[in-house]
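This report covers selected local features of one protein model, with the cut-offs behind each term. The structure comes first, then the description.

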Amino acid sequence: MIINNSMFPAQFNYRSIADMRSDLDVLQQQLSTGQKSQTLSGLGGDRVVDMTLRSRLSALDSYKQNVDMVNIRINFMSTTMSRVDEIEGAARASAQQGTYEINGVNMTAAQYLAETRMTELIDLMNSELNGRHLFGGNETEKNPVEQFDAVMNGKDGKAGFRTVMAQRKMADMGAANMGRLTTGIVGTAVSLSEDGTHPFGFKLDSLSSDGAAATLTGPAGAPPSLSVDFAAQPNDNERIIIGLDMPDGRTIQAQMKAVAGPPTSSNEFQIGGTTAATAANFKAALDTKLAELTKTDLVAASAFAASDNFFAANGETTQRVDGPPYDTATGLVAATDTDTVIWYTGQSATNPRQTVDARVDENTRVSYGAQANEDGPTRLIRSLAVFAAEGFSPSDPDAKLKYQSLNNAVRDRLSESHNSEKGSIEVIQMELGLAKTTNGRIAERQVQQKSMLDNMLVNIEEAPIEEVAMRILSLQTRMQASYQTASIVSKLSLVNYVQ
């Protein structure tokens with residue numbers, strides 16, 4: 001009789017045992033590694049999600065490097081700008097009336113401080129971090145600002161600030177040292193005129209009187225002029241007031257007071273026996289006053305005008321007087337790298353903050369560029385350079401007035417009223433602070449996101465030990481039963497069945 005083997009399920013039983021042995025191997029590997037699988041294919045349908053999560057985590061790691069880098073650089077730049085702000089405050093505090101004192105080498109304490117502060121400011125603007133210069137926009141491989149000695153004294157045959165300032169001073173004072181103004185007299189009428197159409201010297205701004213004796217005309221014309229005609233004798237203490245614009249943008253007044261007796265100051269003129277004599281006295285006093293103002297207020301204003309020309313701010317061009325001759329010059333000319341030291345050689349961008357940025361998240365970039373030629377640092381270096389370059393001699397009777405005029409200009413230029421202006425030191429600090437805040441918030445969000453993604457990966461990739469152990473025990477029980485069944489089946493025979 002033929003026996004059909006299909007009646008005995010041993011073959012299927014053996015296959016089931018082989019499958020369970022394979023499952024046991026997998027579970028033992030999971031128990032030893034803590035991972036569900038050593039390959040992506042072993043994750044089954046979760047492998048696509050796993051790959052997506054790991055890709056995002058890899059991106060977060062890359063972004064974290066950028067976040068950390070940006071944070072280090074912004075912290076460094078913020079510390080630097082805080083010191084620049086301290087220098088500005090100290091320079092402003094030094095520019096006080098009553099601080100004039102000349103030592104044995106004809107320099108004030110303020111000059112020494114200005115030179116020291118300017119040197120430090122240049123060093124700060126040339127700061128580098130890991131070989132990267134931070135205050136030249138996206139030009140990061142070199143110092144954006146020339147060194148102090150080159151800036152002040154020139155180098156390689158190129159003019160420095162002291163040379164440019166001296167030439168500007170000659171152009172503003174004029175050949176007659178009258179601030180490029182000329183006076184004249186015809187009968188009882190005294191005239192005052194600019195010597196041409198140019199940016200140098202005094203500019204006639206206004207003419208007024210607190211009396212009615214003189215007939216006032218102007219300023220008007222091109223070039224402007226004015227006249228004071230003494231149609232009648234002025235009263236004692238009656239004033240003629242002439243407003244004068246200076247090269248640095250400030251305005252001063254020449255107040256000429258009529259007095260009955262001999263004048264006791266440069267602001268007075270004597271009332272003569274006739275109106276013609278009074279006019280002559282007025283002209284002589286006006287000439288003296290203009291010469292005094294030229295040597296004091298105008299010289300100070302000229303120094304700051306030269307600093308504005310030399311220390312070109314963002315978007316500006318370095319300029320100098322078109323000469324020689326300088327005392328009769330009528331215009332400025334753009335300086336070049338062949339004849340003048342260019343103080344700033346970094347990038348000049350419309351928006352300095354946008355010159356450097358970093359991607360810190362998928363849709364977020366943090367901008368933190370800065371330039372040494374922004375308005376705030378430039379205003380500070382201009383003021384410091386003027387004090388460092390000017391000289392005050394004990395034998396100069398006008399030195400004190402010149403020093404006071406310089407102080408007035410510094411207080412105005414470094415006033416806290418500029419703090420909210422674009423490019424000021426304070427605005428730069430604020431914008432760097434905002435960039436740091438944005439960077440910090442991105443970092444916090446990425447930490448939370450990374451934690452969430454890690455948890456999701458754990459659920460997909462890791463095999464809980466307790467669960468694996470229970471499955472192994474269950475599998476062992478099933479395998480034991482299968483082995484016993486296989487053993488019984490293997491002993492079956494026709495002889496045993498017949499018996």
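Leaving aside its neighbours within four places in sequence, which residues is His133 in contact with? They are Asn126, Ser127, Glu128, Thr140, Glu141, Lys142, Asn143 and Pro144, where contact means heavy atoms within 4.5 Å. The model is predicted: local features need pLDDT of at least 70, side-chain atom pairs count only at pLDDT 80 or more, and totals for chains, interfaces and linings use all residues. Residues are numbered from 1 along each chain as its sequence is written, and side-chain values use heavy atoms, with hydrogens and water left out.

His133 is in strand E2 (residues 132-133); helices (H or I, at least four residues) and strands (E, at least two) are DSSP runs, numbered from the N terminus. With a relative accessible area of 6%, His133 is buried (buried is under 20% relative accessible area, exposed over 50%, partly exposed in between; 1.4 Å probe, protein chains only). A polar atom of the His133 side chain lies 3.3 Å from the backbone oxygen of Asn126.

Phe200 sits in the loop between strand E4 (189-194) and strand E5 (203-209) and is buried, at 0% relative accessible area. Leaving aside neighbours within four places in sequence, Phe200 is in contact with Arg168, Ala171, Asp172, Arg180, Val321, Ala329, Thr330, Gly331 and Leu332.

**Backbone geometry**

The loop between strand E11 (319-321) and strand E12 (332-334) holds Pro324, and Pro325 is also in the loop between E11 and E12. The peptide bond from Gly323 to Pro324 is cis, with omega near 0°. A cis peptide bond also joins Pro324 and Pro325, with omega about -5°.

Asp156 has a phi of about 50°, and Asn177 one of about 55°. Asp156 is in the loop between helix H4 (148-153) and helix H5 (161-173), and counts as exposed at 70% relative accessibility. Asn177 is in the loop between H5 and strand E3 (181-186), and is partly exposed at 38%.

Helix H7 (residues 375-389) has 15 residues and reaches 21 Å from its first C-alpha to its last, close to the expected 21 Å (1.5 Å times one less than the number of residues). Of the 15 residues of H7, 14 are buried.

The whole structure has 4 cavities of 30 Å³ or more. On a 1 Å grid over the protein atoms alone, a cavity is a set of points where a 1.4 Å probe fits but cannot get out, and a pocket is an open set with protein on both sides within 12 Å along at least five of seven lines; lining residues have an atom within 4 Å of a point. Grid points are joined across faces, edges and corners, and a volume is the space filled by probe spheres set on the points.

| Space | Volume | Lining by class |
|---|---|---|
| Largest cavity | about 90 Å³ | 8 nonpolar, 2 polar, 1 charged |
| Second largest pocket | about 170 Å³ | 2 nonpolar, 4 polar, 5 charged |

Ala, Val, Leu, Ile, Met, Phe, Trp, Tyr, Cys and Pro count as nonpolar, Asp, Glu, Lys and Arg as charged, and the others, Gly among them, as polar. The lining of the largest cavity includes Ala91, Arg117, Ser383 and Phe387. Helix H2 (47-94), helix H3 (109-125) and H7 each give two or more residues to that lining, and H3 gives the most, with 4 residues. Residues lining the second largest pocket include Asn314, Arg353, Asp375, Lys422 and Glu431.

Methods. Polar contact = N/O pair within 3.5 Å; in protein donor to acceptor, adjacent residues only side chain to side chain.
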